[in-house]
Amino acid sequence: MGPKRALKPRQIWAVRFFLDQHRRIRDRALFDLAIDSKLRGCDLVKMKIEDIVCDRKIRTRATVVQQKTGRPVQFELMDDARASLLKWLELRSGSLEDFVFPSRTNHAAHI
């Protein structure tokens with residue numbers, strides 16, 4: 001119970017290595033963003049491209065309003081996160097108003 005222990009640097013690099021080996025570009029970008037931002041999953045998947053991109057570049061700092069608390073959280077995007085996010089966004093394309101990580105399934109088909 002209580003807060004979970006933070007991942008050790010060795011564990012972080014092991015996850016990154018696994019994701020790179022299996023060419024899971026989306027998952028690598030999501031993992032790097034989670035590590036840098038320390039946001040909850042619900043906040044990560046609601047991020048829009050405009051939240052992290054400015055002038056066709058990944059921002060070095062971003063601000064997101066947390067769903068649970070309603071408070072803005074500012075965080076720094078390190079080199080690894082910026083590189084993996086850029087690779088992911090180049091692959092997925094999309095407009096600034098689109099989600100960074102769109103759903104993998106079509107939820108409208110299940111309604």
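**A loop and its surroundings**

Modeller: Lys46 is partly exposed, with a relative accessible area of 49%; here buried means under 20% relative accessible area, exposed means over 50%, and partly exposed is what lies in between, computed with a 1.4 Å probe on protein chains only. The model is a predicted one, in which local features need pLDDT of at least 70 and side-chain atom pairs count only at pLDDT 80 or more, while totals for chains, interfaces and linings use all residues. Residues are numbered from 1 along each chain as its sequence is written, and side-chain values use heavy atoms, with hydrogens and water left out.

Lys46 sits in the loop between H3 and H4, where helices (H or I, at least four residues) and strands (E, at least two) are DSSP runs numbered from the N terminus. Not counting residues up to four places away in sequence, Lys46 touches Gln67 and Phe99, contact being taken as heavy atoms within 4.5 Å. The C-alpha atoms of Lys46 and Val100 are 7.8 Å apart in space, although 54 residues separate the two in sequence.

Lys48 belongs to the loop between helix H3 (41-45) and helix H4 (49-52), and with a relative accessible area of 27% Lys48 is likewise partly exposed. Once neighbours within four places in sequence are set aside, Lys48 is in contact with Leu96, Glu97, Asp98, Phe99 and Val100. Gly2, by contrast, is 31 Å from Lys48, C-alpha to C-alpha, at a separation of 46 residues in sequence.

Moving on into helix H4, we come to Ile52, which is buried at 0% relative accessibility. Apart from its neighbours within four places in sequence, Ile52 is in contact with Met47, Lys57, Ile58, Arg59, Ala62, Leu77, Leu85, Leu89 and Val100. Leu86, 34 residues away from Ile52 along the chain, has its C-alpha atom 10.0 Å from that of Ile52.

Most residues other than glycine have a negative phi, whereas Arg56, which is not a glycine, has a positive phi of about 65°. Arg56 is exposed, with a relative accessible area of 79%.

The structure holds 1 aromatic pair. Trp88 and Phe101 form this pair, which is stacked, at 6.4 Å centre to centre and with 10° between the planes. Because Trp88 lies in helix H5 and Phe101 in the segment after H5, the pair ties together parts that are 13 residues apart in sequence. Rings of Phe, Tyr and Trp (its six-membered ring) pair if their centres lie within 6.5 Å, and planes under 30 degrees apart count as stacked, over 60 as edge-to-face and the rest as tilted. Both Trp88 and Phe101 are buried.

Trp88 also takes part in a helix packing: Ile25, Arg26, Arg28, Ala29, Asp32, Leu33 and Asp36 in H2 meet Asp80, Ala81, Ser84, Leu85, Lys87, Trp88 and Leu91 in H5. By class, this contact of H2 with H5 has 7 nonpolar, 1 polar and 6 charged residues, where Ala, Val, Leu, Ile, Met, Phe, Trp, Tyr, Cys and Pro count as nonpolar, Asp, Glu, Lys and Arg as charged, and the others, Gly among them, as polar. H2 and H5 pack at an angle of about 145°, with their axes 8 Å apart; axes are lines fitted to C-alpha atoms, for helices over the stretch in contact, and angles run from 0 to 180 degrees between N-to-C directions. H2 passes H5 in a left-handed crossing, that is, one in which the near helix is turned anticlockwise from the far one by less than a right angle, clockwise being right-handed.

Helix H2 (residues 25-37) also packs with helix H1 (residues 9-21), at an angle of about 160° and with axes 9 Å apart. That makes H1 roughly antiparallel to H2, since angles over 145 degrees count as roughly antiparallel, under 35 as roughly parallel, 65 to 115 as roughly perpendicular and the rest as oblique.
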